[in-house]
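Hi there,

Here is the structure I promised to pass on. Have a look at it first, and then read on for what turned up.

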Amino acid sequence: MNLTDPQNIALFFSVLIACIVEAVEATTIVLAAGTSRHWRSAAQGVIAGLIVLAVVIAVAGPAIQILPLNVLRLVVGGLLLIFGLQWLRKAINRSSGYRPLHDEAAIYQKQVTAARAAANTSKFFVNDWYAFTLSFKGVVLEGLEVVFIVLTFGTNQHNVPLAAVAAGAAVVIVAILGFVVRGPLSRVPENTMKFVVGILLASFGIFWGGEGAGAAWPGADISLLVVAPSVAVFCLILVFGMRAYRLSHVSSPVGVSPDLSQSGAPSAGPRFGAAAGSAAVSVAGGVATMAPAAAPALSTETSAAPASAMILPPRPHGLSRRLAAVGLFLYDFVIGDDWQIAAGIAVGLIVTTALAPMWGAAFIVMPVFAAALLPYSIRRSLR
């Protein structure tokens, strides 16, 4: 485990930063469960969640290492690029002012409010089942992303132990901070860290995905020193361009506070490609005015019909409901909230695989696809 090797240094800090982001979110949930409900039950939920993650590592770790290296890089590169582009889309929307910043304090307060309102029940050896379940789900859901990052980064760099040490360091750092402050880790610059992690995930995804598809990068691993800064510069251009567009299309008179939504966050400003039926915005004399959109007409038959007359599909029960829940979880974990990104990346990998044997510059395909998919996904998310 040579920490003087540049590749090992990059691996350690990439995994460390990514895992800190996930650990902050999990710690916020655990703190909410412990402070508002029952600390012992919350701790039991954490232990149970860690046991589940250990089993996942024990099963998935050897299975991943069996795969051929090119197949592994193709699959892992594609998944990392899916994760990275979705993280970048959210970070760019927040940095440009089109979405409110991620507020860990607000999330903590929401979890506390929900926990205090829940009924207190005990099951098996757990005094407070709600606190146990809340902590367990938080650790498992956020921990699965940590496991994925450790196994993919570590296996590709042939150094799973170093990736595991970085993940462990991230968990210890965040856990100590959480224990000391006993509240939300709102001072951790999570949005900035997510921006950095998104750049790293997208950069490694572009590189490993292209390499797994058969493309030869100029200079081999040294190409990462060009790919990562290029992704960062491209994202910053999007941030500043979107911010300038937003500011040029919304102006408020002096002394008038900005429009606030029900959540208290400033209005996000103009949407790219506003859909039909949205309110019309006009600017006259430097003051933005908004004309309310016409409310959609309601059918008298629908509104007058009793609830009993509505035919609803039967709800699944038992095993089918559990399988459906597992399927939805896997879909959300792998594909995320924008299936078109995943589809576009799959097409890019197929095109790279087809062109690599006959074209020496096939490595350029994945950066082009990523550069096209990111602004497209941003535009769709703001409609």
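A word on naming: helices are DSSP runs of H or I with at least four residues, strands are runs of E with at least two, and both are numbered from the N terminus. The model is predicted, so local features need pLDDT of at least 70 and side-chain atom pairs count only at pLDDT 80 or more, while totals for chains, interfaces and linings use all residues. Residues are numbered from 1 along each chain as its sequence is written, and side-chain values use heavy atoms, without hydrogens and water.

Let's start with Asp338, found in the loop between helix H10 (318–334) and H11. Its relative accessibility is 3%, so Asp338 counts as buried (under 20% relative accessible area, with exposed over 50% and partly exposed in between; 1.4 Å probe, protein chains only). Beyond its neighbours within four places in sequence, Asp338 is in contact (heavy atoms within 4.5 Å) with Gln86, Arg89, Ser377 and Arg380.

Next, helix H3 (69–95). Of its 27 residues, 20 are buried. After H3 comes Gly97, with a positive phi near 95 degrees.

Finally, Ile345 touches Gly78, Leu81, Ile82, Leu85, Met366 and Leu373, leaving out residues up to four places away in sequence.

Enjoy exploring!
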